[in-house]
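Please open the structure in your viewer and keep the selection panel at hand. This tour goes from stop to stop, saying what to select next and what is there.

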Amino acid sequence: MKRRVVVTGMGAVTPLGNSVRDTWEGICAGRSGVGDITKFDTTGFDTKIAAELKNFDPLSFVNKKELRRYDDFIIYSLASADMAIADSSLRIAGDWADRAGVIIGSAIGGLATIENQKEILMRAGPGRVSPFTIPAALANLSAGHVSIRFGAKGPINCTVTACASGTNAIGDAMRIIAQGYADIMIAGGVDAAITPLSVACFNAMRALSVRNSEPQRASRPFDRDRDGFVMGEGCGLVVLEELSFARARGARIYAEVSGYGMTSDAFHMAAPPPGHEGAARCMQAALGDAGMAPGDIDYINAHGTSTPLNDQYEIEAIRTVFGESAKNLAISSTKSMTGHLLGGAGGVEAILTVKALEEGILPPTVNLDNSDVGSDLDLVPHRARPQGIGAALSNTFGFGGVNAVLVFRKYGE
Amino acid sequence: MTLTEKVIDIIVEQLEVTREECVPEAAFIDDLGADSLDLVELIMEMEENFGIQIADDELEKIRTIQDVIDFLSSKGVT
């Protein structure tokens, strides 16, 4: 008998706000977190816009020594974990510390640290690079530092699957609990990759929007005039618990993680195949894992990156899975407001999906002036909408043909 | 500013400790909460500030604040 897994805490820092509450408020208001890049001088860059954190005070979460030594992706993870654990009212105690683990996915880890230290290496030689570079750069150090801070001695991992990293982290963590290897897992995703090298390289692939004159209208999933994604940064973490463990301690239960699908396109290093059959199989796998049918799903938080191919093919995949009943679904992309947090997307979007279930409010797809994926679908255009829902999917797909889908269900009983 | 004061300034900044804790006999690892990586970075900062090089075998002998001051004086730093 598979153990059931529920969400008992959530924490996030995103371009819409430095907490789940502020982020959700921005989502419900249809606000955009996109603006001019302030982290570096964008002279000569094709893309000059991104979704950065605003007014984030790292010293609320780390001391000055740590601030110098931890890449931003580690600091964002510690901040989110602090908030998620506080939200769950959980204290990881000595005798069952090995039943609590951490999986935090990141597409690229401490890229800014690597870029900075490379500059020092070239300018001042090998004797001048920081001894803290490696621990600041390795992607698994966000999980490492979170496990240190909370004394979590159970399973630890970092899922590195590009834009699906956060979803794979939560799904793998769910399976670890379901199969009995842990009772608690802190899980989600993070990235802090708005750097000169990263923006230049994504521009070289022609992957980013260049709508620099209208930053807040640049991320426009499913819209006819979309021209690429807008890079974001941030972290979203959830606390997952085995159901009877959560009930025994009187935890507040947000929702159940009832299914997880993982598939590979085996097609191209960055582009999905027409119809995105791998994504269709992934949604089917997730539903099968949950023991649910397509008709049980009310809402899909889409991957919806605002790139020409993903958005078109994702909708085709949804139609493949849901057939005629696709018209009864609400589908929206919150990347229209947050931008694309890369590894952080799966973590933050899981949280937004859980909030939608909890509060009965559907996040909108903003900037959807002219949908070109079919006028028969409910893409929740422009404005959030109060609507009670019972179950939802969160889709994320990454470079390398990786697909990951989670099923969340309202916990009512 | 004396050499001692300059050294303590750097230690306070790097290790996030107070001036009061920085007595000459204070040991970096045992008293000031530094780990091996902190020590490497601290020494790099000293090298940068005083324009000298500290070899690894000389680094092994440095355990306390006084050890650093003695070492710098022996290299002619004031």
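**A loop to begin with**

Select A:Asn367, which is found in the loop between strand S11 (361–362) and strand S12 (385–386) of chain A. Please keep in mind throughout that this is a predicted model. The phi angle of A:Asn367 is near 65°, a positive value in a residue other than glycine. Is A:Asn367 buried or exposed? Because A:Asn367 has 26 C-beta neighbours inside 10 Å, and 20 or more are needed, A:Asn367 counts as buried.

Next, select A:Asn55, which is found in the loop between strand S3 (49–50) and helix H2 (64–69) of chain A. Here too phi has a positive value in a residue other than glycine, in this case near 55°. A:Asn55 has 6 C-beta neighbours inside 10 Å, and since 12 or fewer is the limit for this class, A:Asn55 counts as exposed.

**Chain A as a whole**

Turn the view along the principal axes, where the C-alpha trace of chain A spans about 65 × 55 × 40 Å. Chain A has a radius of gyration of 20 Å, which agrees with the value near 22 Å that a compact globule of 413 residues would have. If you colour the chain by burial, 57% of the 413 residues of chain A count as buried. Among the contacts in chain A between residues at least 6 apart in sequence, 79% join residues at least 24 apart.

**Helices H3 and H6 of chain A**

Select residues 72–88 of chain A, which form helix H3, together with residues 141–150 of chain A, which form helix H6; the axes of these two helices come within 9 Å and cross at roughly 40°. That angle makes H3(A) oblique to H6(A), and H3(A) passes H6(A) in a right-handed crossing. Which residues meet where H3(A) and H6(A) are in contact? Show the side chains of A:Phe73, A:Ile74, A:Ser77, A:Leu78, A:Ala81 and A:Ile85 in H3(A), which meet A:Leu141, A:Ser142, A:His145, A:Val146, A:Arg149 and A:Phe150 in H6(A). Coloured by class, this contact of H3(A) with H6(A) has 8 nonpolar, 3 polar and 1 charged residues.

**Helices H10 and H11 of chain A**

Move on to helix H10 (residues 277–290) of chain A and helix H11 (residues 308–322) of chain A, whose axes come within 8 Å and cross at roughly 45°. That makes H10(A) oblique to H11(A), and H10(A) passes H11(A) in a right-handed crossing. To see the contact, select A:Ala279, A:Ala280, A:Met283 and A:Gln284 of H10(A), and with them A:Glu314, A:Ala317, A:Thr320 and A:Val321 of H11(A). By class, the contact of H10(A) with H11(A) has 5 nonpolar, 2 polar and 1 charged residues.

**Where chain B touches chain A**

For the last stop, bring chain B into the selection, and look for the place where 5 residues of chain B are in contact with 6 residues of chain A. Which element of chain B gives the largest share of the side that touches chain A? Select helix H2 (residues 36–50) of chain B, from which 3 residues, the largest share of that side, come. Sorted by class, the side of chain B that touches chain A has 3 nonpolar, no polar and 2 charged residues.

Terms used. Residues are numbered from 1 along each chain as its sequence is written. Chains are lettered from A and ligands numbered from 1 in the order in which they are written. This is a predicted model: local features need pLDDT of at least 70, side-chain atom pairs count only at pLDDT 80 or more; totals for chains, interfaces and linings use all residues. Axes are lines fitted to C-alpha atoms, for helices over the stretch in contact, and angles run from 0 to 180 degrees between N-to-C directions. Helices (H or I, at least four residues) and strands (E, at least two) are DSSP runs, numbered from the N terminus. Angles under 35 degrees count as roughly parallel, over 145 as roughly antiparallel, 65 to 115 as roughly perpendicular and the rest as oblique. A crossing is left-handed if the near helix is turned anticlockwise from the far one by less than a right angle, and right-handed if clockwise. Two residues are in contact if their C-beta atoms, placed from the backbone, lie within 7 Å. Ala, Val, Leu, Ile, Met, Phe, Trp, Tyr, Cys and Pro count as nonpolar, Asp, Glu, Lys and Arg as charged, and the others, Gly among them, as polar. The radius of gyration is taken over C-alpha atoms; the globule rule is 2.2 Å times the number of residues to the power 0.38.
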